[in-house]
Structures are given as C-alpha cells and as structure tokens.
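Keep the 3D view open as you read.

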Amino acid sequence: TEQWLSDPRLIVMPYNNHLAAHRRGLLALALALGRTDWTREALQGRRNFGELLVGCTRDDGLCYESSTLYHFATLSSMVKIAELVRHRPELGLDLYRQRFANGRSLKQMFDAPLGLLWPNGEIAAMGDCYARRQPLWSTDEGPAPLYEIGYAVYADPHYAWLLRQGRDRSSLQALMYGAESLEPAEPPLGRSRVWIEHGYTLLTSRTGRGYWDESGVAAVVCGDRSGVHHHRGATSLQVFAAGRLWLEDVESQAVEQHAFSSSIQADFNRTMLAHNLLVVDETDQPALAAPVPVVEFKELPACRMVTLSDAEGRLAPGVRMIRSVAVTPDFCLDVIQAASETEHTYDWLAHPRSDGPAELSLELAPTTLPDRPPYARLRDAASAPMSNGQVSLRWKQGEATFLVDVRTGQPGTLVRALWPVKSDWSAGGREMFMVRTRARSVDVAALYQVRSDRPTWRIEQVERRFNGLEHEMHVSV
C-alpha cells in the first residue's frame, strides 16, 4: 500500500480496486496467522475499509473507476473484507452496516448498479467491460453471487427479485451463504435520472415497476470523466426499446488472456470509434479531468430529455458541441450540434446490435479508411454519397425491426465498415456506420424507433432559428 501511494504512476489511482484486494489479502493472512498488528493495519491503517469505501464511490455508490464492470471488482473485495470481519465477532465490527464519512455504507455499492440496468437485466456497458454483455443476474460470469451474500445480510427484497431472475442458484456463494429460499419480491422502481459525478444519464419512457416490462424506450448518455478504466466515449448514446438493446457502445473480445493489456483495447475498444458519438477530424478525444456538463434535464409527462454541452471545446479543440437526447413512449430523438470557425470532418457514428446486416436506402461501393489505429482494425469499408444529407437504416433482432432516420441538412457520405467480434476475426465482424460531413458546423438529427402497428415517425424538418437572443434548434417529427 505504501509503495502504491508513493509511486507517481500509481498515486493517480488512489482508490483503485487493487488496493481493496491488497487490504482483503492482508486481513485474511492476519486472521489466519493471529497477527493482531496486521489486523489493525488492515482495518485501521492507510486505505482501510472505510477510507476505501468513501474514496472509491461517487453519486449513490457507483465505483469511481469509469467502468460499470469494475464496480464489481471493487465490491467483491469489499464484501470479502466484510465477510472476514462478520465471522470474527471478537473484532466487534459490522462493516456491512457501519456508516462512514459522508454517510457512505457498503449497501450503497449493492444498490447503485440496479439503477443502471436496462429492462433486460444488462447493466449499461461503459468503460472497460471486455465485451461482457450478460444480464446482471447471470451466474455465468456476472456478479449475481455477490447478491446472494447481500440478500443473506440485508434481506433486501430487491436482491431477492434479482436472484429469482437468474433462477439457477448454483454458485459457491449461494451454497455457503445464500438464504434457504427467496421470497416473492417486486423489482426496484425504474426512473430517469442523472449521475452528476459520473456524467451518466438514463432516460426512460416507462417508470416505476413498469420499467421492467420491456415495452418502453430507454436511453443512456455517457459524459464521464477519464477514470482508471475509461473509454474515449464522452457524449456517447445507447438506445433500448421493445425489450432489446439496439444501439450500443461496442467492444471486440480480446483473444489474449489478459484483456486489459491486449492491443485491441488501445487500438479499438477504448477509442472514439467503438462509441456512438460525433468524431472530429478522425481524432480521438483527449482525457477529461471532469465530466461533460449536463446543462438540461427534464422529466415531462410525455418526454424525458437531457442535454450535455462542451462549450469549451474539450472534446475537440476549436469545436463547440452540444448533444440533446429525448425519449418518448414511441421513439428516441437525438440531436448533435457542432460549430467551429474553421472546416472540420465530422463523423456521426452508430453501432447496431443486430442479427445480420442492416438495410439502408443507399447503394454502397468499396472505399478506404486510414491505415492506422483505430481505423486499421476495421474491414470491408464501403461508402455512398448522401446528396440530400439524409439516410435511413433498419436492422432486426428476431421478429423486431429497428428504424433509424438520420439528417444533417447538407451533403455528405455514408460509410459502413466491419469491426471484429473477436480481436483475431475468428468470430467474424459486425457493422458500424459513419455519416460524414465536411463543414465548419453541422447539425445531426437522428430518430430511433421500433417498427410497430402504429404510424412510423419521421424527421420532417431540422433548422436553426434566432430567437432574438440566441440560436435555437427546431426539429419537427
């Protein structure tokens, strides 16, 4: 611990999940050997349980490392420390229920991820997740076994609900610590909200218990700072509808055993190219010391809306950028505005989750992309001119069809390419799309919806209007 906290390369990660693992190992060894001095150091020394808990959590209890997967790496070590203490009553501590600075408690780390679940149980993937996309209650690789311990300790019915979704309670934690039975329980209440310290926003057209019936539209926008396991994906958007995730931030699965240090992480997964956002001049975003500010958040009866603003040009020097996302029961509307004093190449990116190739309204021809990462990781690039500045895409999952209409208001190019499902291409590739425009300023409006028996929504008009004080974006659907 002292070496970590004195190393200039490591001190910038002052509450890293490795420190929680160090504390866990020290306490286990101390209790096994009867070393009271080591026990005291583990529980009261620098980076003790309470200090780590307060330092590593933000908002309502999410880990600060800018990865929804790594939240559970830290939580796992913290739970193991609490379990060691729970089974040694002579220590006189209950780390499960003790409150620390700022009112922090371990239970908050159990509760916080439930607010970021899609209705199908997947947690919104942000930061390093290594292509894992299982529901939270999955016992294959997921963290469901932690909730066996959580339910045994807290008897929280939301944990019982989560475990019942997984059905198969075959984990070691279920055997050693799990309750004999799980009571019938209601799910947590779904709602739109902002995680201000992380820069996350979830918008949903269905709230309360109805969130989980999978009939609504939901979206997650990420404006996170550059934490330990961050991606260059600030302002990225993911969209869920009709029980399925349709637009997702993607990751290629590394074939190397240690995925964190694999080349695909640096070459593709952590770059802007794996995220649904606006790229400027084919250049990656810089590291961000603070989240992109949320300047507007509305919960109206028929519409939930959020706006993120980069007025200082932190994402791309010399370019001011705003992204507004609105969710209704029928569709998700996405508007990106970018403005500069000089010309730039703007690429609006979209990554479908689809059973096969998307259908589109343009005829594609082979093209080339830069022979450098991250573009060099792509294959089979093709393009088509967009003379009227608009394109329609559609893709399917099962019997459901997802429709996307994109408008820029000026001529451009549509580019389609494949990215590798596994880093060595052994599992083939999946599609991504770029809508490219060369201009000083660009306004991109996109409408996402699932085809249904109801009339199809379309973007009719996108225009800027001066209201006497400032310019406003008006999008008619």
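Start with Ala-439, which sits in strand E19 (residues 429–450). Bear in mind that this is a predicted model. Is Ala-439 buried or exposed? Ala-439 has 9% relative accessibility, so it counts as buried, the cut-off being under 20%. Leaving aside residues up to four places away in sequence, Ala-439 touches Thr-342, Glu-343, His-344, Tyr-346 and Gln-410. Take Thr-342 from that list: Ala-439 and Thr-342 lie 97 residues apart in sequence, yet their C-alpha atoms are 7.9 Å apart in space.

Now zoom out to the chain. Contacts between residues 24 or more positions apart make up 64% of those with a separation of 6 or more. The chain has 477 residues, and 55% of them count as buried.

Next, the helices. Why can helix H7 (residues 144–154) be called largely enclosed by the rest of the structure? Because 10 of its 11 residues are buried. Those buried residues are Ala-144, Pro-145, Leu-146, Tyr-147, Glu-148, Ile-149, Gly-150, Tyr-151, Val-153 and Tyr-154.

| Helix packed against by H7 | Residues |
|---|---|
| H5 | 70–86 |
| H6 | 106–111 |
| H8 | 157–166 |
| H9 | 172–176 |

Just past the end of H7, Ala-155 adopts a positive phi of about 55°. Follow the chain on to H8 and look at how the two helices meet: the axes of H7 and H8 come within 9 Å and cross at roughly 145°, and the crossing is left-handed. On the H7 side, the residues involved are Ala-144, Tyr-147, Glu-148, Gly-150, Tyr-151 and Tyr-154, and they meet Tyr-159, Ala-160, Leu-162 and Leu-163 in H8. Sorted by class, this contact has eight nonpolar, one polar and one charged residues. For the spacing along a helix, recall that an α-helix has 3.6 residues a turn, so residues three or four places apart point the same way.

On to the strands. Five of them form an open sheet in the order E3-E4-E5-E6-E7, with antiparallel pairing. Which strands stand at the edges? They are E3 (193–195) and E7 (244–247); each has a single partner strand, so one side of each is left without a neighbour in the sheet. From one strand to the next, the twist averages 20°. At the E7 end, three bridges join E7 to strand E6 (residues 236–241), and the two run antiparallel. Within that pairing, Val-239 has Leu-247 in E7 as its bridge partner.

Another antiparallel pair to look at is strand E9 (residues 294–300) with strand E10 (residues 303–310), joined by six bridges. Here Glu-296 has Thr-307 in E10 as its bridge partner. How many residues does the hairpin use to get from E9 to E10? The link runs through two residues.

Definitions and conventions. Residues are numbered from 1 along each chain as its sequence is written. This is a predicted model: local features need pLDDT of at least 70, side-chain atom pairs count only at pLDDT 80 or more; totals for chains, interfaces and linings use all residues. Side-chain values use heavy atoms; hydrogens and water are left out. Two strands pair if DSSP finds at least two bridges between them. Helices (H or I, at least four residues) and strands (E, at least two) are DSSP runs, numbered from the N terminus. Axes are lines fitted to C-alpha atoms, for helices over the stretch in contact, and angles run from 0 to 180 degrees between N-to-C directions. Buried means under 20% relative accessible area, exposed over 50%, partly exposed in between (1.4 Å probe, protein chains only). Contact means heavy atoms within 4.5 Å. A crossing is left-handed if the near helix is turned anticlockwise from the far one by less than a right angle, and right-handed if clockwise. Ala, Val, Leu, Ile, Met, Phe, Trp, Tyr, Cys and Pro count as nonpolar, Asp, Glu, Lys and Arg as charged, and the others, Gly among them, as polar.
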